[in-house]
Amino acid sequence: MKVNTMVDKLNDQERQAGLRGLHNWTHDQAADAISRVFKFKSFSEAFGFMTRVALEAEKADHHPDWSNSYDSVTISLSTHDAGGLSEKDISLAQAIDKLLA
Ligand code: HBI
């Protein structure tokens, strides 16, 4: 059975603190989502990265809104259940940054 644990949206202060620990993620006020564009040498590298992100997302049961165009991947994170940014997004963004560290 899937248990749905509600999470709260971050307030301004919490969001700013969260963003400080991330690399090149920007906050979209209207969507209350954070996003980052990742550029790779090839489609193959971009898709390999997406595969690794997908595994992190499954592990966290938290999933990105994203797109891929050839060698570039755009990831947007927000918590649909909360209607905006939550600690789950910050935590997934950290895990994604770590994949490239
Ligand atoms: N991913 N981004 C995001 N936002 C959610 O609210 C969310 C999710 N992945 C799974 C998920 N919610 C589930 O836990 C619930 O739909 C049950």
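Which residue forms a salt bridge with Asp-12? The partner is Arg-15, and the closest N and O atoms of the two are 3.2 Å apart. By salt bridge I mean a side-chain nitrogen of Lys or Arg within 4 Å of a carboxyl oxygen of Asp or Glu.

A word on the basis of these values. This is a predicted model, in which local features need pLDDT of at least 70 and side-chain atom pairs count only at pLDDT 80 or more, while totals for chains, interfaces and linings use all residues. Residues are numbered from 1 along each chain as its sequence is written, and side-chain values use heavy atoms, with hydrogens and water left out.

The structure contains 5 salt bridges, and I shall discuss some of them. Asp-12 and Arg-15 sit 3 residues apart in helix 1, a separation of about one helical turn. Helices (H or I, at least four residues) and strands (E, at least two) are DSSP runs, numbered from the N terminus. Asp-12 is partly exposed at 48% relative accessibility, whereas Arg-15 is buried at 10%. Here, buried means under 20% relative accessible area, exposed over 50%, and partly exposed in between (1.4 Å probe, protein chains only).

I turn next to Lys-9 and Asp-32, whose closest N and O atoms are 3.9 Å apart in their salt bridge. Lys-9 belongs to the segment before helix 1 (12-20) and Asp-32 to the loop between strand 1 (26-28) and strand 2 (33-39), so this pair ties together parts 23 residues apart in sequence.

Finally, Arg-36 pairs with Asp-97 in a salt bridge, with 2.6 Å between the closest N and O atoms. Because Arg-36 lies in strand 2 and Asp-97 in helix 3 (residues 87-99), the pair ties together parts that are 61 residues apart in sequence. Both Arg-36 and Asp-97 are buried.
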